Amino acid sequence: MRKLKVQQWVTVDNIVAEEDGGLGFVSAKPFSEASDKAFEASIMGFIDSVDTMILGANTYNQTKDYWPHADEQGEYGEKLNNLTKFVASSKLDDAPWGDFPAATVTSDPIATIRELKQQSGKDLWLWGSLKLMRSLMAAGVVDEVRMLVSPVSRGKGTRLFEDRQDLKLVEATAFDDGVALLRYEIKK
């Protein structure tokens, strides 16, 4: 069965968005001259393990004008743009993605994800979409949380977890640029 994996950038004190909603704490710049090659390999390994991306409506609106035209993102951007996409929204009628196939809009993301998990294919990736992530976690359809931990703290902002979560560590990898990848399975 396919798994739904969440990937979020966080600070060491569990902040996923600064007080202004931004991600200024993200320190790694994958696929640049200065990037950590092991980190790049990890990111590419992850994107190769998924074939479907799930986005909330806000994340879709924030990214739809950049990513389909992000030629500077190279192979990573090409793979991201070619993923099958679903956008959770009760307001959108369609979700174009530049010259790539449009995303499918679903007003019932929990049912859609349950159906997708039963189909053959690679794993599913929930990209950003914190509000959606929380509702999917409450419904029990999230299988793994991948935290890309930036070596900074913020003290204030939006936390990744609002409620109690029981997690099982499956990977902890430190990179030379100070970023750490923590992968946790959700205990069910």
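Modeller: This is a predicted model. In it, the buried residues of H3 pack against helix H1 (37-48), strand E3 (50-56), strand E4 (84-88), strand E5 (95-97), strand E6 (100-106) and strand E7 (123-127).

Biologist: Which residues of helix H3 are buried?
Modeller: Within H3 (residues 74-82), they are Tyr76, Gly77, Leu80 and Asn81. Viewed down the axis of H3, these buried residues fall within an arc of 125 degrees, so they line one face of the helix.

Biologist: What makes H1 roughly parallel to H3?
Modeller: H1 and H3 pack at an angle of about 20 degrees, and their axes are 10 Å apart. The pair is therefore called roughly parallel, as angles under 35 degrees count as such. The crossing of H1 and H3 is left-handed.

Biologist: Which residues form that contact?
Modeller: From H1, Ile43, Met44, Ile47 and Asp48 meet Glu75, Tyr76, Lys79 and Leu80 of H3. Sorted by class, this contact of H1 with H3 has five nonpolar, no polar and three charged residues.

Biologist: Why are H4 and H5 called roughly perpendicular?
Modeller: The axes of helix H4 (residues 109-118) and helix H5 (residues 130-138) come within 10 Å and cross at roughly 65 degrees. Angles of 65 to 115 degrees count as roughly perpendicular, and H4 and H5 are therefore described in that way. Their crossing is right-handed.

Biologist: Which residues of H4 and H5 meet?
Modeller: Pro109, Ile110 and Ile113 in H4 touch Leu132, Ser135 and Leu136 in H5. The contact of H4 with H5 comprises five nonpolar, one polar and no charged residues.

Definitions and conventions:
Residues are numbered from 1 along each chain as its sequence is written. This is a predicted model: local features need pLDDT of at least 70, side-chain atom pairs count only at pLDDT 80 or more; totals for chains, interfaces and linings use all residues. Side-chain values use heavy atoms; hydrogens and water are left out. Buried means under 20% relative accessible area, exposed over 50%, partly exposed in between (1.4 Å probe, protein chains only). Helices (H or I, at least four residues) and strands (E, at least two) are DSSP runs, numbered from the N terminus. The arc is that of the directions from the helix axis to the C-beta atoms. Contact means heavy atoms within 4.5 Å. Axes are lines fitted to C-alpha atoms, for helices over the stretch in contact, and angles run from 0 to 180 degrees between N-to-C directions. Angles under 35 degrees count as roughly parallel, over 145 as roughly antiparallel, 65 to 115 as roughly perpendicular and the rest as oblique. A crossing is left-handed if the near helix is turned anticlockwise from the far one by less than a right angle, and right-handed if clockwise. Ala, Val, Leu, Ile, Met, Phe, Trp, Tyr, Cys and Pro count as nonpolar, Asp, Glu, Lys and Arg as charged, and the others, Gly among them, as polar.
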